[in-house]
Amino acid sequence: MSDNVYNVLFLCNANSARSIMGEAILNRIGAGRFKAFSAGSQPKGEVNPYALQLLESLNYDTSFARSKGWDEFAEPGAPEMNFIFTLCDSTANESCPIWPGHPMTALWSIPDPAKADGTDAELHLAFADAYRMLNNRISLFTNLRVDALDHLALQQHLDAIGRDTPKPI
């Protein structure tokens with residue numbers, strides 16, 4: 001197995017919930033092999049309190065969490081990404097920056113829990129569902145032999161992980 005640490009960027013519009021959760025999950029379960037980051041095309045400027053509350057209830061350190069724009073990762077001196085996962089359909093249709101290093105990309109569309117309506121319990125459930133979907137996909141990703149697969153096979157695996165898109169709540 002390779003000693004490389006692979007940089008991964010999770011993207012969505014606001015960088016307030018899904019991408020923040022993806023960053024937290026991958027940094028926990030991929031520690032030593034992957035370093036996760038998150039950003040948004042139109043950052044909200046604050047992390048959704050339901051996302052923070054969920055992560056904290058699962059014993060994640062949320063001190064890393066801040067809503068930021070994707071341009072931060074396209075600037076000189078930014079970490080070079082190996083993988084970029086877009087978590088919402090609308091961001092996938094936007095013009096992205098030119099990423100240094102030409103990372104592998106995939107769409108892993110997940111319903112936006114921040115757009116859920118309902119009671120407090122229903123909102124917590126929407127965030128828990130998004131977390132579960134992300135955790136499942138990231139677990140599949142971290143179990144890939146990234147260093148042993150050729151580019152085409154790896155892209156097929158990345159696409160397959162995101163293909164089973166659940167229906168919005």
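Modeller: A residue is called buried when its relative accessible area is under 20%, exposed when it is over 50%, and partly exposed in between (1.4 Å probe, protein chains only). By that rule Phe141 is buried, because its relative accessibility is 0%. The model is predicted, so local features need pLDDT of at least 70 and side-chain atom pairs pLDDT 80 or more, while totals for chains, interfaces and linings use all residues. Residues are numbered from 1 along each chain as its sequence is written, and side-chain values use heavy atoms, leaving out hydrogens and water.

Phe141 lies in helix H4, which spans residues 120–142 (helices, H or I, have at least four residues and strands, E, at least two; both are DSSP runs numbered from the N terminus). The ring of Phe141 faces that of Phe83: the centres are 5.1 Å apart and the planes stand at 75 degrees, so this pair is edge-to-face (rings of Phe, Tyr and Trp, the last by its six-membered ring, pair with centres within 6.5 Å; planes under 30 degrees apart are stacked, over 60 edge-to-face, the rest tilted). Phe83 belongs to strand E3, residues 83–86, so the pair ties together parts that are 58 residues apart in sequence. Phe83 also counts as buried, because its relative accessible area is 2%.

Phe83 has a further partner in Phe85, and these two rings are stacked, 6.2 Å centre to centre with 20 degrees between the planes. Phe85 is buried, as is Phe83. Phe83, Phe85 and Phe141 sit in one aromatic cluster that also includes Tyr6, Phe10, Phe34 and Trp108. Over the whole structure, 12 aromatic pairs are found.

Phe141 is also one of the H4 residues that meet H1 (contact means heavy atoms within 4.5 Å). On the H1 side the contact is made by Arg18, Met21, Gly22, Ile25, Leu26 and Ile29. On the H4 side, Phe141 is joined by Phe127, Ala130, Tyr131, Leu134, Asn135, Ile138, Ser139 and Thr142. H1 covers residues 18–29, and its axis lies 9 Å from that of H4, at an angle of about 40 degrees (axes are lines fitted to C-alpha atoms, for helices over the stretch in contact; angles run from 0 to 180 degrees between N-to-C directions). The two helices are therefore oblique to each other (under 35 degrees is roughly parallel, over 145 roughly antiparallel, 65 to 115 roughly perpendicular, the rest oblique).

H1 packs against H2, residues 49–57, as well. Here the angle is about 20 degrees and the axes are 9 Å apart, so H1 and H2 are roughly parallel to each other. Ile20, Met21 and Ala24 of H1 meet Ala51, Leu54 and Leu55 of H2.

Ala51 has another neighbour in Ser16, a residue in the loop between strand E1 (6–12) and H1. Ser16 is buried, because its relative accessible area is 6%. Besides Ala51, Ser16 touches Lys44, Glu46, Val47 and Asn48, not counting residues up to four places away in sequence.

Beyond H2, the loop between H2 and E3 holds Ala74. Ala74 is partly exposed, because its relative accessibility is 27%. Ala74 and Ala24 are 50 residues apart along the chain, and their C-alpha atoms are separated by 21 Å.
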